[in-house]
Amino acid sequence: MAGDIDVSNTMKLLNDAELIFPDAISFFAGRPPDRFIETARVPEWLANFVDRNKAIDAGAGDDAWLTIGQYSATNGIILDAVGRYLANDAGIRTTPEGCMITNGAQEAIAICLSGLVGRDKCVLAADPTYVGLTGAADVLGIPVEVVPDDGEFVDRVAHALAGRDAGRPPVGALYLVPDFANPSSRHLTTAERRRLIELADRHDLYILEDVAYRWYAYDGQSTPTMKSLDPFGRVIYIETFAKTFLPGLRLAVMVADSAVDGGTLAQQLAAIKSYVSVNSAPVNQAVLAGFLDQQGYSLADWMAPRRASLQSRRDAFDRALTRHFGSGANAVGRWDVPLGGFFFRLGIGTTFVVDDFLTCAREAGVIAMPMCCFSPAGGHTDQIRLSFSNNTADDIAEGVARLAGFLETHAPNSGRGQGRGNASR
Ligand SMILES: Cc1ncc(COP(=O)(O)O)c(C=O)c1O
């Protein structure tokens, strides 16, 4: 089965799996916990926006209702509010002209691929990588080149950029999830970030910095955003508000403030957004701006209980893995405890591909994602991605027990007694 998987179908599978197997325990999607989805407070945040009318240049009071009900500026109407947040929490000082509010990170990725890479170049990424990147590239007909996401990742990027022969397309952009990546959970150090920025400058390309999980650092690490470390204007910063605030708003901010042709890159990319989505729903933008204003333009307090909750889920997951896979006759797995993010990577020493995923969901009642679905190179066929972000402790204990039972039946001799450590072997 290795290599047979159509990566472009993975996102649909991701979205549909829980519908197909409604009674299964799902370790599938990287969703923030349901109990933190505070949609009922949307009227409060909307009213706050309208009352304060912080982010709208023209008029005051009632005009805000009109502004958010009409067509509006392509790159967004809350750029001042989001700019204040970025200055406080991301170490990024930018201008409204350098930013774009997008329909999630997904639209930002697609706009960058279309505007900065195109079909004559390729986008370089880690293997395994986020399916939102590979899927968007697929839709746009843009080649993806990958290098293994291991301890030598930065050297491998340097090598891929330096040794390009005439037969390979030039690299137009490097896509990175530097913080607790989906799906590998790998975290880049500050030194690695700086080196990648220097490489991007030397080879004249942009870095797409996707920071979806940067707020979920469990063991006290605080690594500067790549954008804040970039002296060259090479980093395009993409921050979704789906993992921190409300996924249903479908909002992200992209910072692309390098100077080009007398304006900014974000202004140039507006031409693409205007034909893709015209603008991001201004009502939704108003909710986000009203929320940011209420939080004093910092998510530090808001995120503290969320991070703590995810950390305790991660710890519960590690305990369950240790109980069922760590030692003894039933042990079949290897894993590293993720320092942040939403995912465990479980190495099982035998193949687990889409057929196994379906059998596991149907027979054992647990939904676990084959890592090979994230591998454009068709690798990682002996690993499973397990999300713990939206599961209760009971679900985690029961789901891991079911998975262990399934693997014991289907892969009884694989990786016996390995326990924690080095899932990627
Ligand atoms: C790396 C990464 N980027 C972005 C997203 C989400 O982006 P969006 O804002 O489109 O929901 C995810 C969600 O799974 C992700 O894992």
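Pro-148 is partly exposed, with 17 other C-beta atoms within 10 Å.

Some housekeeping. This is a predicted model, where local features need pLDDT of at least 70, side-chain atom pairs count only at pLDDT 80 or more, and totals for chains, interfaces and linings use all residues. Residues are numbered from 1 along each chain as its sequence is written.

Back to Pro-148, which sits in strand β4 (residues 144-148). Helices (H or I, at least four residues) and strands (E, at least two) are DSSP runs, numbered from the N terminus. Leaving aside neighbours within four places in sequence, Pro-148 is in contact with Asp-127 and Arg-156; contact means that the C-beta atoms of two residues, placed from the backbone, lie within 7 Å. Pro-148 and Pro-128 are 20 residues apart in sequence, and their C-alpha atoms are 7.1 Å apart in space. Asp-127 also stands opposite Pro-148 in the strand pairing. That pairing joins strand β3 (residues 122-127) to β4 by five bridges, and the two run parallel. Two strands pair if DSSP finds at least two bridges between them.

Now the whole chain. The secondary structure comes to 14 helices and 15 strands. Of the 425 residues in the chain, 52% are buried. Among contacts between residues at least 6 apart in sequence, 76% join residues at least 24 apart.

Next, the sheet that holds β4. Seven strands form an open sheet in the order β2-β8-β7-β6-β5-β3-β4, with mixed pairing. Its edge strands are β2 and β4, each of which pairs on one side only. On average, neighbouring strands of this sheet are turned by 20° against each other, direction ignored. Angles between axes run from 0 to 180 degrees between N-to-C directions, and the axes are lines fitted to C-alpha atoms, for helices over the stretch in contact.

How many of the residues of strand β7 (residues 235-240) are buried? Six of its six residues are. Val-235, Tyr-237 and Glu-239 are buried on one side, and Ile-236, Ile-238 and Thr-240 on the other. β7 pairs with strand β6 (residues 206-210) in the parallel sense over four bridges, and Ile-207 stands opposite Val-235 there. Four bridges also join β7 to strand β8 (residues 252-255), and these two run antiparallel. In that pairing, Glu-239 stands opposite Val-253.

On to the helices. Helix α7 (residues 153-162) lies across β3, β4 and β5, running at about 140° to β4. Helix α10 (residues 265-276) lies across β2 and β8, at about 30° to β2.

Two packed helices are described by the angle between their axes and the distance between the axes. α7 and helix α8 (residues 190-202) pack at an angle of about 5°, with their axes 10 Å apart. That makes α7 roughly parallel to α8; angles under 35 degrees count as roughly parallel, over 145 as roughly antiparallel, 65 to 115 as roughly perpendicular and the rest as oblique. Val-154, Val-157, Ala-158 and Leu-161 in α7 meet Glu-192, Arg-195, Leu-196 and Leu-199 in α8. The residues of this contact divide into six nonpolar, no polar and two charged. Here Ala, Val, Leu, Ile, Met, Phe, Trp, Tyr, Cys and Pro count as nonpolar, Asp, Glu, Lys and Arg as charged, and the others, Gly among them, as polar.

In helix α4 (residues 79-89), the buried residues include Leu-79, Val-82 and Leu-86. The buried residues of α4 pack against β2 (99-102), β8, α11 (282-294) and α12 (300-326). Just after α4, Gly-91 takes a positive phi of about 65°.

Last, the ligand. Which residues come nearest to the ligand? Of the 14 residues around the ligand, they are Gly-104, Ala-105, Gln-106, Asn-182 and Thr-240; a residue is near a molecule or strand if its C-beta atom, placed from the backbone, lies within 6 Å of it. Helix α5 (residues 104-117) gives the most to this shell, with three residues. The shell divides into seven nonpolar, six polar and one charged.

Asn-182 lies in the loop between β5 (171-176) and α8. Is Asn-182 buried or exposed? Asn-182 is buried, because 22 other C-beta atoms lie within 10 Å. Not counting residues up to four places away in sequence, Asn-182 touches several residues, including Gly-30, Tyr-130 and Phe-343.

Key
A residue is buried if 20 or more other C-beta atoms lie within 10 Å of its own, exposed if 12 or fewer, and partly exposed in between; C-beta atoms are placed from the backbone.
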